[in-house]
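Subject: Structure handover

Dear colleague,

Here is the structure you will be working with. My notes on it follow below.

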Amino acid sequence: MNKTVGTIIAIVVIIILAFLIFGNRAEAPEAPVEDDTPREVVGGSGTYDVDATASEFEWEAGKTLVVNYKDSGTIELESGEVVVEDGTVTSGTLVFDMTTISAVETSKEQGALDRLSAHLMSDDFFGVEMYPQATFEVTDVELVEETTYSVTGDLTIRDNTESITFPAEIYAEGDDLIIDATMTVDRTLFDVRFGSGKFFENLGDNVIGDEFILDARVVATPQE
């Protein structure tokens with residue numbers, strides 16, 4: 001047997017032994033557990049104060065002509081209130097602290113998060129020095145099925161108010177009222193035009209999408 005063949009056989013034997021010795025030690029990753037617990041339908045009547053600390057809002061935006069380009073971040077609530085009558089949300093108000101808007105992920109070059117956050121606060125976008133708050137006021141809530149609703153309300157950004165409608169899950173979690181929703185917002189309706197292909201030409205791949213996504217989780221506790 002020549003040396004080359006002998007070496008190959010030796011390597012194969014070592015691989016087989018290693019597999020037999022160590023192969024059974026690795027555990028297969030556990031599949032994620034799906035929570036199929038039925039959500040509790042909201043009942044009764046009352047007023048709930050929104051817990052600004054427990055509530056979460058995440059935004060996501062992108063560039064129209066750049067594949068897989070994404071900027072994302074967070075914004076915090078200042079306050080809020082939700083009113084329930086006979087198990088149905090009849091009114092509600094959310095007040096956003098626009099000075100907290102920040103970027104947590106960007107497809108730009110490394111180290112750009114602070115610059116992006118500052119740009120969002122500038123007059124190019126949300127002008128938080130002049131407009132430190134944005135608000136959302138519920139105007140209509142329609143039941144779709146069980147805990148799924150269609151919510152309509154007035155969103156005010158930079159003193160511009162527009163009506164938006166979006167699907168939401170509204171349910172009880174213990175004594176708390178939870179609202180999970182995803183909103184699509186056209187920023188240009190609120191005079192946020194920077195990088196918009198609607199208003200500027202020759203932007204090339206710097207065109208910023210007019211719409212941004214806002215994922216919301218509102219946690220509200222009953223007033224005492």
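What percentage of the 224 residues in the protein chain is buried? The buried share is 37%, where buried means under 20% relative accessible area, exposed means over 50% and partly exposed lies in between (1.4 Å probe, protein chains only).

Some background on the numbers. This is a predicted model, in which local features need a pLDDT of at least 70 and side-chain atom pairs count only at pLDDT 80 or more, while totals for chains, interfaces and linings use all residues. Residues are numbered from 1 along each chain as its sequence is written, and side-chain values use heavy atoms, with hydrogens and water left out.

Confidence and overall fold

The mean pLDDT (the predictor's confidence in each residue, from 0 to 100) of the protein chain is 86, and 82% of the residues score at least 70. Over residues 17–34 the pLDDT stays under 50, and the model has two contacts beyond four places in sequence for them; a contact means heavy atoms within 4.5 Å. Of the contacts in the protein chain with a separation of 6 or more, 58% are between residues 24 or more positions apart.

The protein chain has two helices and nine strands, in the order α-β-β-β-β-α-β-β-β-β-β along the sequence. Helices (H or I, at least four residues) and strands (E, at least two) are DSSP runs, numbered from the N terminus.

Strands count as paired if DSSP finds at least two bridges between them. β6 and β7 pair in the antiparallel sense over 10 bridges, with Thr-152 opposite Thr-165 in β7. Two residues separate β6 and β7 in this hairpin, and Arg-158 in the turn has a positive phi of about 55 degrees.

β7 also runs antiparallel to β8, joined to it by six bridges; here Ala-172 stands opposite Leu-177 in β8. This hairpin too has two residues between its strands, and Gly-174 in the turn has a positive phi of about 70 degrees. Gly-174 counts as exposed because its relative accessibility is 57%. Its C-alpha atom is 8.6 Å from that of Glu-40, 134 residues away along the chain.

Pocket and cavity

Both were found on a 1 Å grid over the protein atoms alone: a cavity is a set of points where a 1.4 Å probe fits but cannot get out, a pocket is an open set with protein on both sides within 12 Å along at least five of seven lines, and lining residues have an atom within 4 Å of a point. Grid points are joined across faces, edges and corners, and a volume is the space filled by probe spheres set on the points.

The largest pocket holds about 430 Å³ of space. It is lined by 26 residues, and Trp-59, Ala-61, Leu-120, Phe-126 and Phe-212 are the closest to its centre. By class, its lining has 19 nonpolar, three polar and four charged residues. Here Ala, Val, Leu, Ile, Met, Phe, Trp, Tyr, Cys and Pro count as nonpolar, Asp, Glu, Lys and Arg as charged, and the others, Gly among them, as polar.

The whole structure has one cavity of 30 Å³ or more, and the largest cavity has a volume of about 180 Å³. Of its 19 lining residues, Leu-94, Phe-136, Val-138, Ile-179 and Val-218 lie nearest its centre. β4 gives the largest share of this lining, four residues. The lining comprises 16 nonpolar, two polar and one charged residues.

Regards
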